[in-house]
Amino acid sequence: MKMRGMYSGRMVLALGLLAASLSVQAEPLRVVSSFSILNDMVKEIGGDKVMASTIVPANGDAHSFEPRPSDAKTLAKAQLLVVNGLEFESWLPRLQQAAGYKGPQVVATEGITPLAFEGGADDHADHDHDHDHDHDHDHDHDHEPAHDHAQDHEHAPEKDHSGHEHSHQHGSQDPHAWQSLDLAQIYVRNISKGLEQADPVNAQYYQGRAKDYAQRIQELDDSIKTRLQAVPVDKRKVITSHDAFSYMGKAYNIRFIPLVGVSSQAEPSARDIAQIIQQARSEQIQAIFVENTVSAKLVEQVARETGAKVGGTLYSDALGVPGSGVDTYLGMMRSNTDQLIKALQP
Ligand SMILES: [Zn+2]
């Protein structure tokens, strides 16, 4: 029986190859992406030559994602896997093993010089540890030996942050590079190259679409730079839920202060929150944003206590649902800019 199964599998493969070589209208390439933003890029470049699907769905949190058996099934049938890399998808190796996927893989961030993952809160860490008051903590740290948050970030970046509301299992590098339209150009090149290699018959088609897409990304980048001129640089300070916006901040000279990621506790301590509230007041930060993948609870609390207005929702690590206007990468970047400008312009 086993032999027969293998034989028929080979037959199918042989027929598939025959069909691909004989017919221009071959089956679309089955491309699976780890999360929704990559999936949209694959659709843009792959057009009708690909059948694209994502593992982490719209509005899903890729940091704390737990694959389902159906995800293994989807991946098992893939002909190309597209991932972000920079340790964004901590759950992926296990899923790949479950799926038995050994096909080609595109690492979309390959060639990018990543930002160091500092949790975006050096300031906090510094103030926090001017004096040695590690033992004054008024709450239980689960008896972990190292209580120095700054040290946790510098020396133990692989620390498992799971079990918190928004767990951030990341490495020492910031994976959120898609938040820079400039770096998205590298994503586009890598994905296009992966499609061309996996499906050489349609290489020209992919190259043409990639070129067109790259052009549109460039145009949006230019228009954002122009529009942001309406906001004085010293006003470009906002509080967000988690530390996902460093690349965007660097690209457009905006300071994003995250609530999560300021300490080894993904759920910040009362002191962490008090410090952010103090900072928000002293720096007169006007806007604080909810994120589509993170609970709004903390943001609302800080907004209440500082009088900062909730500026709306920023799309950080996932697209919105179809039809929402933020269901594409470009739509999401445009929407984030709209929200920021609306909240910040004088
Ligand atoms: Zn994130």
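1. The outward face of helix H4 carries the exposed residues Pro93, Arg94, Gln97 and Ala98. Exposed means over 50% relative accessible area, buried under 20%, and partly exposed in between, with a 1.4 Å probe and protein chains only. Helices (H or I, at least four residues) and strands (E, at least two) are DSSP runs, numbered from the N terminus. This is a predicted model: local features need pLDDT of at least 70, side-chain atom pairs count only at pLDDT 80 or more, and totals for chains, interfaces and linings use all residues. Residues are numbered from 1 along each chain as its sequence is written, and side-chain values use heavy atoms, with hydrogens and water left out.

2. Now the other face of H4. This helix spans residues 92–99, and Leu92, Leu95, Gln96 and Ala99 are buried in it. Seen down the axis, these buried residues fall within an arc of 100°, so they line one face of the helix. The arc is that of the directions from the helix axis to the C-beta atoms. Their cover includes strand E2 (50–56), helix H3 (69–76), strand E3 (80–83) and strand E4 (105–107). Just after H4, Gly100 takes a positive phi of about 65°.

3. Next, the chain as a whole. It has 12 helices and 8 strands. Of its 346 residues, 51% count as buried. Contact means heavy atoms within 4.5 Å. Among contacts between residues at least 6 apart in sequence, 68% join residues at least 24 apart.

4. Where is Ser33 placed? Ser33 is in strand E1 (residues 29–35). Its relative accessibility is 0%, so Ser33 counts as buried. Neighbours within four places in sequence aside, Ser33 is in contact with Leu38, Asn39, Val42, Ser53, Thr54, Ile55 and Val82.

5. Look at the open sheet of 4 strands. The order is E6-E5-E7-E8, and the pairing is parallel. Strand E6 (255–260) and strand E8 (309–314) stand at the edges with a single partner strand each, so one side of each has no neighbour in the sheet. Neighbouring strands of this sheet are turned by 30° against each other on average, direction ignored. Axes are lines fitted to C-alpha atoms, for helices over the stretch in contact, and angles run from 0 to 180 degrees between N-to-C directions.

6. The pairings can be followed strand by strand. Two strands pair if DSSP finds at least two bridges between them. E5 and E6 pair over 5 bridges, and Ile239 has Ile257 in E6 as its bridge partner. Strand E5 (residues 237–242) and strand E7 (residues 287–291) pair over 2 bridges. In E7, Ala287 is the bridge partner of Val238.

7. Helix H11 (residues 297–306) lies across E5, E6, E7 and E8, at about 165° to E7. In E6, 5 of the 6 residues are buried, so this strand is largely enclosed by the rest of the structure.

8. Last, the nonpolar cores. Such a core is a set of buried Ala, Val, Leu, Ile, Met, Phe, Trp, Tyr and Cys residues joined through side-chain atoms within 4.5 Å. The largest has 72 residues, and Met41, Leu181, Leu195 and Tyr329 have the most contacts inside it. Domain 1 (26–113 + 178–219) and domain 2 (122–166 + 229–344) each give this core at least three residues; the bounds come from an automatic or database domain assignment. Another core lies apart from it, with 16 residues, among them Ala280, Ala296, Val299 and Ala303.
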